[in-house]
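Hi,

Here is the structure I promised to send over.

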Amino acid sequence: MKVAIGTLNRAKALAVQNVINTYFDDVEFLEVDVPSNVSNQPFSDEETRQGAINRALNALEATGADLNFGLEGGVREMEGIMYCCNWGALALKNGQVLTAAGALFMLPEEIAEKLRDGKELGPVMDEYANEKGTRHHKGAIGILTANLISRTEMFEHIVKILVGQYLFAKENR
């Protein structure tokens with residue numbers, strides 16, 4: 001089975017690999033750098049979801065793999081509070097696309113202000129935590145949950161939902 005991952009981001013790729021390796025044998029992973037075709041910093045659930053769908057479909061187009069994953073992180077505001085949101089999509093060879101969302105968590109106002117000013121969450125979190133490459137490892141969720149949840153773990157939850165939807169549909173045809 002060929003599984004494409006529409007990103008070169010280490011945290012996202014590991015999430016897909018960890019979950020797929022739990023449920024499937026003899027898998028070839030293809031990590032492809034495909035565009036999300038949305039803003040570098042998505043600002044709504046709709047835009048973040050669309051970015052995940054676009055990555056999954058672009059991965060399918062680039063590779064023709066059996067399962068094609070797109071994972072996208074973004075932010076959204078509710079009642080003046082900014083939250084980090086995360087979406088995933090699974091594009092199948094037959095054109096069907098499954099989607100799922102993951103954890104929402106509050107961002108400190110000092111981070112939210114920088115995002116409203118046009119900055120991207122990854123670099124803002126690097127500066128906030130005085131680290132480099134946080135988006136490829138623990139992510140904002142790791143930093144803001146005292147490392148109780150990593151970015152990979154957060155995306156694993158979404159990938160499990162997508163794989164579960166895929167297996168359910170496959171069994172109930």
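Two strands count as paired here if DSSP finds at least two bridges between them. Helices (H or I, at least four residues) and strands (E, at least two) are DSSP runs, numbered from the N terminus. Before the details: this is a predicted model, where local features need pLDDT of at least 70 and side-chain atom pairs count only at pLDDT 80 or more, while totals for chains, interfaces and linings use all residues. Residues are numbered from 1 along each chain as its sequence is written, and side-chain values use heavy atoms, with hydrogens and water left out.

I'd start with strand β4, residues 81-92. Its pairing with β6 (residues 105-106) is antiparallel and rests on 2 bridges, with C84 facing F105 as its bridge partner. β4 also pairs with β3 (residues 67-78), again antiparallel, through 12 bridges, and there E77 sits opposite M82. The β3-β4 hairpin has 2 residues between the strands, and E79 in this hairpin has a positive phi near 50°. With β5 (residues 97-101), β4 makes 5 antiparallel bridges; L90 is opposite L98 in that pairing. This second hairpin has 4 residues between its strands, and G95 takes a positive phi near 95°.

How much of β4 is buried? Of its 12 residues, 11 are (buried is under 20% relative accessible area, exposed is over 50% and partly exposed is in between, using a 1.4 Å probe and protein chains only).

Now the cores. I call something a nonpolar core if it is a set of buried Ala, Val, Leu, Ile, Met, Phe, Trp, Tyr and Cys residues joined through side-chain atoms within 4.5 Å. The largest one has 36 residues, and F69 and L107 make the most contacts inside it. Helix α6 (residues 151-171) is the top contributor to this core, with 7 residues. There is also a second, separate core of 7 residues, including W87 and A91 along with A56 and L60.

Next, the aromatics: ring centres of Phe, Tyr and Trp (its six-membered ring) must lie within 6.5 Å, with planes under 30 degrees apart called stacked, over 60 edge-to-face and the rest tilted. The whole structure gives 1 such pair. F24 and Y166 are tilted, at 6.4 Å centre to centre and 50° between the planes. F24 is in the loop between α1 (10-23) and β2 (28-31) and Y166 is in α6, so the pair ties together parts 142 residues apart in sequence. Both F24 and Y166 are buried.

With a disulfide taken as two cysteine sulfur atoms within 2.5 Å, the search finds 0. The closest cysteine sulfur to that of C84 belongs to C85, and at 6.5 Å it is too far for a bond. C84 is buried at 5% relative accessible area, and C85 is buried at 1%.

Last, salt bridges, meaning a side-chain nitrogen of Lys or Arg within 4 Å of a carboxyl oxygen of Asp or Glu. The count is 9. R116 meets E77 at 2.8 Å, N to O, linking helix α3 (residues 109-116) to β3 across 39 residues. R116 also bridges to E109, with the closest N and O atoms 2.7 Å apart, and E77, E109 and R116 are linked in a network. R116 is partly exposed at 35%, as is E77 at 38%.

Cheers
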